[in-house]
Amino acid sequence: MEHFLASLCFLGSFLHASAQCTVPATEFKLEGDYLIGGLFDIHHVSAPVYHHRPEAIDCSSQPFLLPNYRRFQLMRFSIEEINNSTNLLPHVSLGYEIFDHCSDTQNFPGILQLGSVNGLIHPWVEPQRQQTHNVSKVIAVVGPFTSTQALTVAPLFTVDFLPMVSYGSTSSVFSEKAKFPSVLRTVHPNKDTIEVIVNILQHFNWRWIAFLNSDNDFGNDGRDLFIKRIRDTKICLAYTKGLNVDTNYSSIFKQIEAQKIRIIIVFAPKTTAEALIESAIQLNITDKVWIADDGWSLNKKLPKKEGIKNIGTVLGVSQPVVTIPGFNDFIYSSKSQTHCENAEQNMFCNQVCNCSSLTADDILTADPSFSFPVYSAVYAIAHALHNALQCGAGRCNENITVYPHMVLAELKKSNFTLLNQSIHFDENGDPKYGSYSIVFWNQSGDAQEVGFYHFHPWVNFFMNSTKMQWNTNGEVPTSLCSPECPVGYAKRKNGIHKCCFTCEICSNGTYVNITEDPYNCIPCKETEWSAEGSTSCSLRVVEYVSFTDSGAILIMVGAWVLVGLTLAVSVLFAINYNTPVVRSAGGPMCFLILGCLSLSSLSVFFHFDKPTLSFCILRFLPFLLFYTVCIACFVVRSFQIVYIFKMAAEFPKLHGWWMKYHGQWLVITVAFVTQALLLIISCSYAPPKPYNDTLSYPDKIILSCEINLKALSGSVVLFLLLCSLCFIFSYMGKDLPKNYNEAKAITFCLVLLILTWVLFSTVYNLYRGMFIQTLSALAVLSSLYSFLLWYFLPKCYVIIFQPHKNTPQYFQGLIQSYTKTISQ
């Protein structure tokens, strides 16, 4: 709307100009059945011009742009070629009305006339009503070149749905058909140019970038698209600045040098880019890589500039140079004719080019950029008119009145071949054809093609870096805020830019995945592990002692041998039940001890294979329960021996009470019931459960059982209390008669028991591998064997091999001997 209001504000400019300019120059106008308007900034207003009242600008007094004049001539050539064609628009002549659009906001002579009715525009008249009026012969407009110019004039043409086919306006806003329904273009939008530039940056791994753009609609749009495009890439925009006539280039380059930026993207028109590069040469800026957009990448002036080689390497994105057959001959023919521009013609402010001094070679060697877009724009309009007139079989339908909106409808459906390219537009009016070339300014000052980017029918990017010559000792320059981290290191941001960081190595159990998240060390799963500085995790080795392990087999065999020995001892004691040795060993209590030793051995078998809840419970419960009964039996047996020999005379009533109420069985029963209750409570509250030990080894998972010591504390305390009482009583009876000296054997067994578990605890604190379960089973088995071997087997030996010692007379003699010793 701002541009539209600016356009209408200068209606007075047109009226003032039309009063002075009455005679058109020959090159700017051609009569025909249908007219195509053309807007070319042959001259350029380099600085804003301010007036106190609306008035026209004399374009011919402004700087002359030779490349734009070449494009101007290309439109003339295209229309002449079409008029000479027998296939396209047969018997229909095309004319043109071309204007030198040297200022986007202050030069409107003729522009308003293109979409007007009888010379004046009526934006309030609906298109349907305008069809009944004597509308202008202009059916479409080619141009203008810049985005700002297009934004200024597009609202004027949109009012009447007059098609505007731009050959150089690349701003993204023209793809919004709700705002610009009658605007099409034969040049790729900025987003395509930005896409190619980003591909170049990624190809060379350039990440620390400066983006300098013209401070207008074109440049600002390119900057915004670039920022959006690199958002999810590794590229960082370190510095950006809008360029205008008041720009302080020295300040810009100081900031670029301060940030150590080596890659500079210049997204600006030819005149702005020339001013920037010339300043870089004057300020002795060196060792940079300059990336040009398609507006100045094929510039003919800058590559020949003295000192240009010192600024670094220049890469560019350009439209492919398409040779247009017949254009050279047209230029030579046109320049051979003499155009007399008299004083009266010079009065027509923007219809004089002051270009009579140019030679044909000057025009043909000018920057060829945007030549094919001009050529294809004219042909697209011609084909649309051809279809609107229903041309075919050598003639067109003369009864059809063609209005601009009809041409617009056919333009949107364009599908024809021009110089081996299929010309058609997408739903936004953007071209669905063409490609970009990637050029390099070589030592000869020529733009040498080193790559390409094809858009249709599929995207294809290619670069031949071997053709390029770098100013950094032949090596590809680098542009990084921080050097890449070594493998296994994560980045830690240093400042606001993701490209600036420090490197930290990932510790054990973590890894870094630079493709997903280069800034964090990711913890491994419990089932995985990693060494320091890893980029991935490995599965941990799951370890446990299986039933087939040789150590497990030996221990289980030892358990079965224990059961067999206890059974054999039980049979031997049963046969010799009434002998003094069996009686002194405990009599019926021996069978309870032997049975409990056998039942305790059940725990050994549950130390192997994968731990389960039931395995973990049975690994400890039988041993604690039945071994407690064994210890209780030895406590009672030690107490009885000590009492009989040392305390019976002092406490006669205690002996009576003990015998009357069967004190030994009462103590054993209380110990058994108490331990059973404690174990039931602990297993209900916090039972031993399977536990994956992931802490002891980084690369292994040790399957074991987790024991809650707090829950088992009651059972352990009871067990230790019984052991302590047993040790005290047995130690008190160490000097009893030899055959009655079970106390010594019990003491020795307890010492072995203590040493076994102290040794196991020491190993457990030093070693946490899977064989700790084997050692635990061995400790259990050793605890059982300590009593079987050192308490029962000596008595079996006496029964079998020394029967003379297993007589009442022999025992009576030992007792008398002990009594005499005590009395002395």
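Which cysteine forms a disulfide with Cys506? I looked it up in this predicted model: the partner is Cys521, and the two sulfur atoms are 2.1 Å apart. I read a torsion of about -85 degrees about the S-S bond of this pair, so the disulfide is left-handed. Cys506 lies in the loop between β18 and β19, Cys521 in strand β20, 15 residues apart. Cys506 is buried at 0% relative accessibility, while Cys521 is partly exposed at 22%.

Next I went to the other bridges; the structure holds 7 disulfides. Cys485 is joined to Cys503 with an S to S distance of 2.0 Å, and -90 degrees about the bond makes this link left-handed. I found Cys485 in the loop between β16 and β17 and Cys503 in strand β18. Cys485 is buried at 15%; Cys503, at 32%, is partly exposed.

For Cys236 and Cys499 I noted sulfur atoms 2.0 Å apart. The torsion is about 95 degrees, so this disulfide is right-handed. The pair spans 263 residues, from strand β8 to the loop between β17 and β18. Both Cys236 and Cys499 are buried.

Cys630 is buried at 0%, and Cys633 is buried at 0%.

Last, I checked confidence. The chain has a mean pLDDT of 85. Helix α2 is lowest with a mean of 34, strand β9 highest with 97.

Technical notes: Residues are numbered from 1 along each chain as its sequence is written. This is a predicted model: local features need pLDDT of at least 70, side-chain atom pairs count only at pLDDT 80 or more; totals for chains, interfaces and linings use all residues. Side-chain values use heavy atoms; hydrogens and water are left out. pLDDT is the predictor's confidence in each residue, from 0 to 100. Helices (H or I, at least four residues) and strands (E, at least two) are DSSP runs, numbered from the N terminus. A disulfide is a pair of cysteine sulfur atoms within 2.5 Å. Buried means under 20% relative accessible area, exposed over 50%, partly exposed in between (1.4 Å probe, protein chains only).
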